[in-house]
Amino acid sequence: MAVAVSMTMNILVCVKQVPEGEAQVRIDTDGRRVALGAGTEFRMNRYDECAVEAAVQIKEQFADTRIHILSIGPRRAEAVIRRSIGMGADDGTHIMTLEEGFVDPVVTAHWLAGCSQARSADLILCGAMSEDLMQGQVGPLLATQLGLPYTTSVIDMAINPEDNTIQVDREIEGGYRQTLVLDLPALVTIQTGINHPRYPALSKLLRANRLSLEILQADQLDLPQSKQQVDRVTLPRKIRDAVVLEGTTHDKAEQLISILSNRSLLT
Amino acid sequence: MNHVGETQTIAVIAEYFAGAVRPTTYECVGFAKALQKLRPVNIKMVVLGDDVESCSRDLAQTTGADVLGIEAPQLSQYNGQVYQAVLYDVFNQKPPEIICAAHSSQGWDYGPGLAARLKAACITGVSQVSARGKEIYFSRDIYGGKVSADIISKTEKTLLTLQPGSFRWNPTRNQEPGLVNIISPAIDPQASNTRSTHIHQASDLDLSLAKVIVSAGRGIGEAENLDLIHKLAAAIPQAVVCGSRPIIDNGWLSYDRQVGVTGATVSPDLYLACGISGAAQHVSGMQGSALVVSINTDAMAAIFNQSDICIVEDLTVFIPTLLEKLSGAKKAK
């Protein structure tokens, strides 16, 4: 158990709400947008959940830590801010967008950077990417906009209060890791596997549900020039000629065995 | 804007690791050559490292493109801050219309930051390029690969990171080699904040040699269901159990059994994907498999686009049935 060292830290964690992995994803009639099926359930992006957990663990180590949550999204996105507070964050800001749909990461980063909590943070944590759009850009773009050092895909980290730095391990290919030291303030994007995010505590969730969040209306914020545009969305091309096995479970099992036997894969 | 027509320059940034150029570099060349079929493009290569003379010559020979080698002791290990500063200096005077790099732990790290500094659009994880009329479209997977988005750059400069495994190109030697220019910029010795690059967990398991892989994904649900995966692997000769990232994150399988971008790249005779959704990060690691069989309850799962045989079933029902029949088949012999 770490001894609490006196160090005042403001941590900002950027979180996003994403559809459940099993969500029905359709292409809108105009072919330009994704439409989610009715009854789609949403949850916190898993990478961001790990970022919140990492922040809460720092707070457990350094008692004078404040964790602020920032999220952009429609009204429903409020749920992930409240869940983060239930996990141990202190408060949150919701930049509310009116519509669903693609937001250029340049715009997202610009809005996040405009928040005073971003400018005053000692440490900003983002998920390495969102599970829905998988761009992995918002963290690096936000850091660049704020003029902060950053690094990505972090799988282990430790704050060093003596020299106001953070040491991180980032995951690279082939079973390698890379150790870096960043001067604070800095931005770090979190890879899953760094921790096992806790469930929100009931008492904290109750407080989270009573707490009033800071709300900013996206349509009243400065809108930077977008640098890319989704022109259309399509079903991905089939890379292989998929044969879909038909019939009962037993039929399918028998067909599979015969396919594997014919290829001498069972002997 | 990336219109078809005037000759543009594409700068391909090689991926340098432990003194050599990684194979993803050639995939980026494959992308540049694919782009060349759509419009006139001049290809240039850039390689950064502490000793790049011989690999620069090799790249110039195999690609026919001009190569800029950037050499400095601080570039022996990858560092995002140093890469951004060095590449910004190289590109800022006369930026190429397109910069491309692999969507790897290097490319996705320095890419968006470099693009922001150059005021370029940044499109990550691109897996396809096409043209319609004057417009060039860069396609990337979204929603775990269930749909693909065609993206247009709206600026003069665009930085792309390319999904590993999406583009192919085989080095050739029957062409005029490009010109090699090696520069040694002065870099502040303190500039790199990389302290070390090290193997995290050493392992003797070489998945690239596996003949049969039975692979588990998040869709297996409970840790207990991993038993079914182990039993299935035991019933198929020479089968090895692997998993996608969530399974390894949960600690259900050891790190050396992860297939995908941050794990192993495999090419077995049979890849049996159980409850794997098929996100690009996983697919990159297994698309070289000879036969892919997938079991998933979600008929829309992206893995089915990468499969030869699709089985829409609950694996907790299907695998026991399969095991029963497999043992029956054995007894019959």
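Which residue is the bridge partner of A:T165 in β11(A)?

Author: The model is a predicted one. In β11(A), the residue that bridges to A:T165 is A:D183. This bridge belongs to the pairing of strand β10 of chain A, residues 165-171, with β11(A). The two strands pair in the antiparallel sense, and seven bridges hold the pairing.

Strand β11 of chain A covers residues 176-183, and it is also joined to a strand of the other chain. That strand is β12 of chain B, residues 194-199. Five bridges link β11(A) to β12(B), and the two run antiparallel. One position to look at here is A:Q178, which stands opposite B:T197 in β12(B).

These pairings are part of an open sheet of 10 strands. Read across, the order is β13(A)-β7(A)-β6(A)-β1(A)-β8(A)-β12(A)-β9(A)-β10(A)-β11(A)-β12(B), and the pairing is mixed. From one strand to the next, the twist averages 25°.

Two backbone details can be found in this part of chain A. Between β11 and β12 (186-190) of chain A there is a loop, and A:P185 lies in it. The peptide bond leading from A:L184 to A:P185 is cis, with omega near 0°. The other detail is in strand β9 of chain A, residues 150-160, where A:S153 is found. A:S153 is not a glycine, yet its phi is positive, at about 55°.

Chain A also has a helix pair to look at. Helix α2 (residues 78-87) and helix α6 (residues 202-210) of chain A have axes that come within 7 Å and cross at roughly 140°. The two helices, α2(A) and α6(A), are therefore oblique to each other. The crossing in which α2(A) passes α6(A) is right-handed. On the α2(A) side the residues are A:R82, A:I85 and A:G86, and they meet A:K204, A:L205, A:A208 and A:N209 in α6(A). Sorted by class, this contact has three nonpolar, two polar and two charged residues.

The strand pairing between β11(A) and β12(B) has already brought in chain B. Taken as whole chains, 77 residues of chain B are in contact with 67 residues of chain A. On the chain B side, the classes are 35 nonpolar, 27 polar and 15 charged residues.

There is another open sheet of 10 strands that draws on both chains, with the order β14(A)-β9(B)-β8(B)-β7(B)-β10(B)-β6(B)-β1(B)-β4(B)-β5(B)-β11(B) and mixed pairing. Within it, strand β8 (residues 135-142) and strand β9 (residues 147-153) of chain B pair in the antiparallel sense over five bridges. In β9(B), B:V147 is the bridge partner of B:I142.

Helices of chain B pack on these strands. Helix α3(B) touches β4, β5 and β6 (98-102) of chain B, and its direction makes about 145° with that of β4(B). Helix α2 of chain B, residues 53-63, lies across β4 (41-49), β5 (66-71) and β11 of chain B and runs at about 160° to β4(B).

Helix α3 (residues 80-92) also packs with helix α4 (residues 107-118) of chain B, at an angle of about 40° and with the axes 9 Å apart. That angle makes α3(B) oblique to α4(B). Their crossing is right-handed. Among the residues of α3(B) in the contact are B:Y83, B:L87 and B:F91, and those of α4(B) include B:Y110, B:L114 and B:L118. By class, the contact of α3(B) with α4(B) has seven nonpolar, four polar and two charged residues.

Lastly, chain B is divided into domain 1 (8-183) and domain 2 (207-332). The C-alpha centres of these two domains of chain B lie 33 Å apart. Nine residues from domain 1 and 10 residues from domain 2 of chain B take part in the contact. On the domain 1 side, one residue is nonpolar, six are polar and two are charged.

Terms used. Residues numbered from 1 in each chain as written. Chains lettered and ligands numbered in written order. Predicted model: local features only at pLDDT ≥ 70, side-chain atom pairs only at ≥ 80, totals over all residues. Domains from an automatic or database assignment. Contact = placed C-beta atoms within 7 Å. Nonpolar A, V, L, I, M, F, W, Y, C, P; charged D, E, K, R; others polar. Pairing = 2+ DSSP bridges. Helix = DSSP H or I, 4+ residues; strand = E, 2+ residues; numbered from the N terminus. Axes fitted to C-alpha atoms, helices over the stretch in contact; angles between N-to-C directions. Parallel < 35°, antiparallel > 145°, perpendicular 65-115°, else oblique. Left-handed = near helix turned anticlockwise from the far one by under 90°.
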